Amino acid sequence: MSAPISHPLPATGSGEPDQLSPGLPGPGSCASRVLVSSVSSDSHTWNLVFLQLLLEEMGHEVTNIGSCVPDELLIEECRRVRPDMVVISSVNGHGALDGARMVRRLREQPDLRDLRVVIGGKLGVRGTDGDFHGPALMEAGFDAVFEDGAGITEFRRYLAGSSVPALAAPALR
């Protein structure tokens, strides 16, 4: 078995060609309900709109609850929407800190413990030259981590049917 990979959400302007064509999920997977959010300290919204459009283009039903979402509100929305997956995106560089806290709180909820939750984007303030946050975030409870700088291709593959936990690191320069 090969080592898991990890990549960013979203990586725009990276110059990486998108190898996977948009469309419906691949064989063995089905359209699902996806809740999209940022971490509590992140006020960016362009990344959330990008993810919403990408997921809808792939055939998923998306509920985008926006930026600066407190942990309790995310938990309430998970109970209200009953998503098949939660996608957390961070642009401000505090995704690792806020995301770890958020996913631990979510995993403490018996009714949400098995919910698939992934995170990606700029997870630390040092960017692609900094530390890799994937292992710690997987240990905290995320099912997949997509670090900044790696492109969107691995995230698309993950959505297209991978049930294997993913850990995607930035591409080496």
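Biologist: Which residues do ring pairs link into a cluster?

Modeller: This is a predicted model, where local features need pLDDT of at least 70, side-chain atom pairs count only at pLDDT 80 or more, and totals for chains, interfaces and linings use all residues. Residues are numbered from 1 along each chain as its sequence is written, and side-chain values use heavy atoms, without hydrogens and water. Rings of Phe, Tyr and Trp (its six-membered ring) pair if their centres lie within 6.5 Å; planes under 30 degrees apart are stacked, over 60 edge-to-face, the rest tilted. The cluster joins Phe146, Phe155 and Tyr158.

Biologist: Why is the pair of Phe146 and Phe155 edge-to-face?

Modeller: The structure holds 2 aromatic pairs. In the pair of Phe146 and Phe155, the centres are 5.3 Å apart; it is edge-to-face because the planes stand at 80°.

Biologist: How many residues apart in sequence are the parts tied together by Phe146 and Tyr158?

Modeller: Phe146 and Tyr158 also pair edge-to-face, at 5.7 Å centre to centre and 70° between the planes. Phe146 lies in strand E5 (residues 144–147) and Tyr158 in helix H5 (residues 153–159), so the parts tied together are 12 residues apart. Helices (H or I, at least four residues) and strands (E, at least two) are DSSP runs, numbered from the N terminus.

Biologist: Is Tyr158 buried or exposed?

Modeller: Buried means under 20% relative accessible area, exposed over 50%, partly exposed in between (1.4 Å probe, protein chains only). Tyr158 has 4% relative accessibility, so Tyr158 counts as buried.
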